[in-house]
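Me: I have a model open and want to check the wording used to describe it. Take me through the terms one by one.

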Amino acid sequence: MILSCREATRLASQGLDRPLSFGERVRLRVHLAVCAGCTNFSRQAELLRRAVQHLAS
Amino acid sequence: MDEFRARVESERAYLLRYASLQLRDRHAAEDAVQETLLAALAGEASFVGRSSLRTWLTGILKHKIVDTIRRTARDATVVPGEPDLEEFDGLFDKRGHWQEPPSDWGNPDKTFDDKQFLAALKACLEQLPTKTAEAFMMREHLGHETADICKVLAITPTHCWVLLYRARMALRACLEETWSRPWTRKK
């Protein structure tokens with residue numbers, strides 16, 4: 001099953017909050033391999049996580 | 001004793017900045033800080049000086065912040081329904097592909113040194129709906145697991161993941177629009 005970008009971003013986001021199942025990880029990785037937009041989304045979400053730590057200082 | 005009091009008091013401004021990141025209501029943030037300072041003074045004996053005073057105070061403050069969020073969540077009369085994902089329809093086309101794909105934000109370490117990025121991020125956080133912002137900051141700033149966040153906000157795990165997804169989507173779209181990348185700025 002091929003994920004749409006809508007589904008891929010949702011999974012990428014959930015991957016930061018819960019362990020994804022094996023199937024979910026595979027589907028997400030296959031999608032990211034061919035989709036620059038979702039790859040960037042995924043990096044942006046991780047960057048946000050780290051950036052928030054810099055806010056109070 | 002008085003020296004300890006003065007050192008604790010000197011962290012007030014920092015603690016208030018910290019609390020204000022999570023609590024929008026200025027009074028609620030001030031109350032949380034005040035309770036923290038009182039607890040710290042009462043518990044001086046438990047400060048062993050192994051961690052820095054700031055770290056120790058921040059640890060107390062984190063609990064006060066979560067207590068405050070829990071109280072307001074319980075008092076809230078409106079129970080939000082399960083959010084639906086149709087709200088992102090504008091971002092994706094009919095086949096679920098990006099209308100405007102996210103761009104490359106470059107090297108994170110350089111990004112964190114960019115004052116304009118952090119200022120834009122703060123402004124974007126303020127635009128999030130309260131509950132969305134609370135969930136996001138509890139997760140990313142305080143580092144709570146989803147299960148804790150659900151309990152504090154009195155929502156289901158699915159709802160929690162949707163809130164976090166929604167926060168990330170909104171923040172990145174907002175930053176995409178408002179943060180002018182260093183590499184596009186005029187020297």
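Me: How many residues of chain B are in contact with chain A, and how many of chain A with chain B?
Reply: 30 residues of chain B are in contact with 25 residues of chain A. Contact means that two C-beta atoms, placed from the backbone, lie within 7 Å. This is a predicted model: local features need pLDDT of at least 70, side-chain atom pairs count only at pLDDT 80 or more, and totals for chains, interfaces and linings use all residues. Residues are numbered from 1 along each chain as its sequence is written, while chains are lettered from A and ligands numbered from 1 in the order in which they are written.

Me: Which helix of chain B supplies the largest share of the side that touches chain A?
Reply: Helix 9 of chain B, with six residues. Helices here are DSSP runs (H or I, at least four residues), numbered from the N terminus. Among the helices of chain B that each supply at least two residues to this side are helix 2 (12-22) and helix 6 (115-127). By class, the side divides into 16 nonpolar, six polar and eight charged residues. Ala, Val, Leu, Ile, Met, Phe, Trp, Tyr, Cys and Pro count as nonpolar, Asp, Glu, Lys and Arg as charged, and the others, Gly among them, as polar.

Me: Why are helix 7 of chain B and helix 9 of chain B called roughly perpendicular?
Reply: Their packing angle is about 90°, with the axes 9 Å apart. Angles of 65 to 115 degrees count as roughly perpendicular, under 35 as roughly parallel, over 145 as roughly antiparallel and the rest as oblique. Helix 7 and helix 9 of chain B are therefore roughly perpendicular. The axes are lines fitted to C-alpha atoms over the stretch in contact, and angles run from 0 to 180 degrees between N-to-C directions.

Me: Which residues meet there?
Reply: Helix 7 of chain B brings residues including Phe136(B) and Arg139(B), and helix 9 of chain B residues including Leu163(B) and Ala167(B). That contact has seven nonpolar, one polar and three charged residues.

Me: What makes up the domains of chain B?
Reply: Domain 1 (2-75) and domain 2 (85-184). The bounds come from an automatic or database domain assignment. Their centres, taken over C-alpha atoms, are 26 Å apart. Nine residues of domain 1 and eight of domain 2 form the contact. Helix 4 of chain B gives the largest share of the domain 1 side, six residues.

Me: What is the mean pLDDT of chain B?
Reply: 86, with 90% of the residues at 70 or more. pLDDT is the predictor's confidence in each residue, from 0 to 100. For the complex, the predictor gives an ipTM of 0.95 and a pTM of 0.83.
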